[in-house]
Amino acid sequence: VTRAQLEAQIVKLSSYETTVGKTGDYVESRTENIRIGTERFNHLIIRAGESVSFNKVALKRTEANGYQPALEIAYGNYVQGIGGGICQTSSTLYLACLMSNLEITERYAHRYVPAYIAWGMDATVSWGGPDYKFTNNTLYPVKIVTKYEKGYLTVQILGTNVDGTYVKMSNEVLSKTPWETIYQEDPTMAPGSPDVVKVTPYTGYKVNSYQTIYDKDGKVIDSHFEASSNYKVRNKVV
């Protein structure tokens, strides 16, 4: 067996791209955190049977590790924290792993619906809290190739596909919980002042995701429930 023959067997198992927002508070810091987290996984090789912890590879979100202050959600509210935005990296990686049919061993949905990825296909992470973990359950090594460029985050997974199978993901919204508007008096405001939105709203959703595996001819081999995501509602406070 020659090197060329082996290299010919290495193909792109999956590729997924998300758009990084260019507006809002701390946008530059958030973008930098995404870029750093993305670089941690670039060219990572995972042997057959080996497991990966996102938090372990991305490292603790500290300034010493290159991460910067940005907005993140904690206990239902946006707060300033080191490493805000890193969840876009973990979510993009999660969906790429699903499309490669790798085994997902730990995953948690965000508190509120994400804006940059399909509902039910995100993965929130926090140092000392939720982690995202997956296992290379194939017989061959896989390699992660990541890139952040011009506002786009791309995760590719390379490996050996011996039978030509491929994966498609889908989701189903099971229920929807509308938000309400709550008005609060602020005695420090001058009479006649315009209303100020103190808390922006989120609609609550319950979403299921499903994975369908096809053979090389497009015939369904297997279709099954993948995960459930319960996104909370958050009322608008004026």
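Two strands are taken as paired if DSSP finds at least two bridges between them; strands (E, at least two residues) and helices (H or I, at least four) are DSSP runs numbered from the N terminus. The structure is a predicted model, in which local features need pLDDT of at least 70 and side-chain atom pairs count only at pLDDT 80 or more, while totals for chains, interfaces and linings use all residues. Residues are numbered from 1 along each chain as its sequence is written, and side-chain values use heavy atoms, without hydrogens and water.

Strand E10 (residues 166-177) and E12 run antiparallel and are joined by eleven bridges, with Lys176 facing Tyr205 of E12 as its bridge partner. Tyr205 also has Tyr231 in E13 as a bridge partner. Of the eleven residues of E12 (204-214), nine are buried, that is, under 20% relative accessible area with a 1.4 Å probe, protein chains only.

An open antiparallel sheet is formed by four strands in the order E1-E9-E8-E2. Strands E1 (10-19) and E2 (44-46) each have a single partner strand and stand at the edges, so one side of each lacks a neighbour in the sheet. The twist averages 20° from one strand to the next, with axes fitted to C-alpha atoms (for helices over the stretch in contact) and angles from 0 to 180 degrees between N-to-C directions. Three bridges pair E2 with E8 (residues 142-149) in the antiparallel sense; Ile45 stands opposite Lys143 in E8. Helix H2 (residues 27-41) packs on the sheet, touching E2, E8 and E9 (152-160), where contact means heavy atoms within 4.5 Å. The direction of H2 makes about 155° with that of E8.

Definitions and conventions: Buried means under 20% relative accessible area, exposed over 50%, partly exposed in between (1.4 Å probe, protein chains only).
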